[in-house]
Amino acid sequence: MNRNLNWLVLSIVFLLPFLGSSQHRLSIRVDGVASSQGTLQVAVYTEEENFLKVQGVYRRDSVKAKSGSNELVLEGLPPGDYAVAVFHDENDNEELDTNWVGIPKEPLGFSNSRMKAFGPPSFEDCRIRLQTDASVVIQMN
């Protein structure tokens, strides 16, 4: 009996780190893509202070654009808060092109939010709390 108890305790101690580090899937559907030119560039952020900064991207991915709706799945995300930004890189230069004042010339979209009249939404506006597999729909502006 004592041997079985030792085995049980050892098994639990070994498995604890894995139980706390579950990974999730985030399915992203991007609607309103105007053309099949270029790619959709997706940036995922985990911290408010780094939101929309190139060096602050937690995970990045892209998919060939197609007119209408596009889907992308991000695997292996730990539980937490995320904000997603997408832009349609129509010329495939892997940069969000802007005019001389800094206003984007390429379409963009955000999780749970839209562009504001005087700038982008905040991390809080775009926050997704990921505790299980989830999906989000982003409308391109």
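**View 1. Strand β2 supplies the largest share of the lining of the largest pocket, namely four residues.** The model is predicted, with local features requiring pLDDT of at least 70 and side-chain atom pairs pLDDT 80 or more, while totals for chains, interfaces and linings use all residues. Residues are numbered from 1 along each chain as its sequence is written, and side-chain values use heavy atoms, without hydrogens and water. Strands are DSSP runs of E of at least two residues, numbered from the N terminus.

**View 2. The largest pocket holds about 560 Å³ of space.** Among its 27 lining residues, Y45, L52, F87, L96 and L108 are the closest to the centre. Two or more lining residues come from each of β2 (39-45), β5 (80-89) and β6 (108-110). A pocket is an open set of points on a 1 Å grid over the protein atoms alone, where a 1.4 Å probe fits, with protein on both sides within 12 Å along at least five of seven lines; lining residues have an atom within 4 Å of a point. The volume is the space filled by probe spheres set on the points.

**View 3. L52 has a positive phi of about 70° although it is not a glycine.** L52 is found in the loop between β2 and β3 (59-64). Its relative accessibility is 34%, so L52 counts as partly exposed (between the limits for buried, under 20%, and exposed, over 50%, with a 1.4 Å probe and protein chains only).

**View 4. E94, a residue other than glycine, has a positive phi near 60°.** E94 lies in the loop between β5 and β6. E94 counts as exposed because its relative accessibility is 55%.
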